[in-house]
Amino acid sequence: MKTYRLQLRFLLPLVATLIAAAWLAAPVFDKLTLRWFSRDLTSRGILVANALSDSVADAVLYDRVQRLKPLFNRAVEDERLFAVGVCSPSGALLTKTDRYPATLDCERAAEVAQEAQPHLALEGGSVHVAVRDVLDRRPRTPGTGAEFGLPLPQLPPAEEPATTSEPLVLARIVLLHDLSFIERRSQDTRRYLIGMIAALGLVISFITVVVAQLSWRGWVNGARALMRGEVLLAPITSSPELAPLAADLRGRLRDLEDEYRRSQGPETEWNAGRLRQLLKTQLSGDQVIVVSNREPYIHEKTETGIVVKRPASGLVTAVEPVMRACSGTWIAHGSGSADRDVVDAADRVAVPPGHDDYWLRRIWLTPEEEQGYYYGFANEGLWPLCHVAHVRPVFRESDWQAYKEVNRRFADAVVAEARGDDPVVLVQDYHFALLPALIREKLPRATILTFWHIPWPNPESFGICPWRREILQGMLGSTILGFHTRYHCKNFIETVDRYLEARIEHEHSTISYREKDTLVESYPISIEWPREDESMPPVAQCRANVVARLALPQQACIAVGIDRFDYTKGILERMNAVERFLEKHPEWVGRFVLVQVAAPTRAALDEYRNFSLRVQELADRINARFGNGTYAPIVLLAKHHEHDAVMELFRAADICLVTSLHDGMNLVCKEFVAARDDQQGVLILSRFAGAAREMPEALIVNPYHVEETADALHRAAVMPPAEQRERMASLRSTVREFNVFRWAGRMLADAGRWRLRARIEERVRRLGAS
Ligand code: F6P
């Protein structure tokens, strides 16, 4: 529609020009045609006069002028000849046709014929007057006349002396041509002229529309390429007409970058302040809404009153500091037994308790919804599907329906919480694959950043999900879709390629689906690096506390594992490795302990209940084999531990074991490193955790390989303090730099750039439409 309006801007002046041209050209053309027809009449007059002159000469010579009338009447049958008359040389009208005007004598006719426009106005219209002499062509020597086959008549009185060689004028023919015929012709010509100009106008308009359409498309494509940064970076060779616009944009972006850099000061490490600053500069302080299933603070009823708990969740560990920095609203499932008791009328409560940095908006789910959406589709379907940990995914139609319904309810909550039409929405994890598209439907201008905290499998594995297309379509409602690693991004892009008709630009890592672009990028998640002023109890004290509390041998080498009680965490494999280590190195029996914290999780599911039983059984078996009344090599603490207790364990430990069979990132290893400001302790890390890519200084193991993990345990147990320090210092500097504010900052900065680009694109579009 807009392009047509644009084309009208070209067409209207064109049509106006054509009309003006026709208006100016018509009188000129009239004059021209009049002149052509007058000339035509003159030559016709000569022709007619020549044709009649012999008959007229004979009639005059033989005094039979009246006999000319039938001849003249035949001649005026031609529509263009109006009347004919014959005058004597002395000016007497000898004969004439019927329509010859009575008022036109020979003298007047001669006068009019001499005029530049020899026209005479009559009652019925104008006539063109022409007078032609009829000459005596006979030889001037008197003869018998026999050569003419006629007796020589009496010559009329000669007007010229007989001696002159000039032929005598015998009579004059007056020819009156009908000028209305010329008018008719000229009207016809004018009609043809206007018709021709109109046809020409139509052809030119058509060509203009086609050319304008093509150039508009080319221009729009060029402008889009510009927005994508293609011509901003490369020299403009393909669309030179966009060069000025590209130069302007380049300038503007440079200014913005400068402005941003200035606002950031010298290149500093990422922290809460820098993230807040980024939010202000790049996203103009736009409202941030986080959506996750798990809430960051859970209110529980206890015998002593309501207590606030922090869940065992990597997601919460990472996102909570970001929310404290950015404020806004966090929407999550209210799962605590006292959650309803502390919210206001809008189901909101300010958190963290006592600080009130942001709002927690709770969504209530029925037991059926929780069963279908959370336990069923999310944790029996998507969780094993994405982890490929050899547990069969279960897909039930009823779970899928509940999943869709709950996603819809969260989308409604996002819309209700949004203060404007373009909030920044951070959608977290596999519980909300459909949410991005549902939000996009209601808030088309929102910036939706979806982060998938778990791995993304290859297309074949993902293909077994009966609703694979719907899941992918839902996720592609996101502006930015984040995974922990490039490998997961690649798997996702290949999956889309396999199951949807989308356009993929590998170079920019973008997917265009139904006219909408999604950037697929890797953002390795991390933790908040402890502040300098955040003092932790000394390592020796932590160790003493743990040894005392768990009744461990005084000189024990302590290894810790801190996990949710989940089959993907490799807890069984870890225990098998401990058993093998003690088998291979019996000198460590009585001196080595694995303290395994396993926070109960998803206990309503058989798979999880069975798993915790198997872990318990294995621990009992190993303890029975290597332990005695006072010593147990495995201390299994199957309960949730609060942050401080976890920190104490990390600081007390010599070794931290992270042996996930498959993990998006795993933040336990990063928290262990952050806890060790004494630069001691060894990290054993599964190569199947995303973190292994960032932390090569750990002892990297394949948890499926018992021997290898047992050897790593031994290597860690005997590692000299200097090597521990070297490895730990390097790990700490990585985690410190690549902290969670950097994770959020990179995503928000990309979102900021994306919004800026969208705004410029919008402006270019409006420019084109105006
Ligand atoms: O790892 C995936 C994940 O959703 C994390 O984001 C979170 O740490 C963990 O699972 C918590 O699981 P749940 O909320 O089911 O207890």
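Tutor: A disulfide is taken here as a pair of cysteine sulfur atoms within 2.5 Å. The model is predicted, so local features need pLDDT of at least 70 and side-chain atom pairs count only at pLDDT 80 or more, while totals for chains, interfaces and linings use all residues. Residues are numbered from 1 along each chain as its sequence is written, and side-chain values use heavy atoms, with hydrogens and water left out.

Student: How many disulfides does a search of the whole structure find?

Tutor: Cys87 is joined to Cys106, with an S to S distance of 1.9 Å. Searching the whole structure gives a count of one.

Student: In which strand and which helix do Cys87 and Cys106 lie?

Tutor: The pair ties together parts that are 19 residues apart in sequence, because Cys87 lies in strand S1 (residues 81-87) and Cys106 in helix H3 (residues 106-114). Helices (H or I, at least four residues) and strands (E, at least two) are DSSP runs, numbered from the N terminus. The elements asked for are therefore strand S1 and helix H3.

Student: Is His641 buried or exposed?

Tutor: Buried means under 20% relative accessible area, exposed over 50%, and partly exposed in between (1.4 Å probe, protein chains only). His641 lies in the loop between strand S20 (634-637) and helix H19 (643-652). Because its relative accessible area is 15%, His641 is buried.
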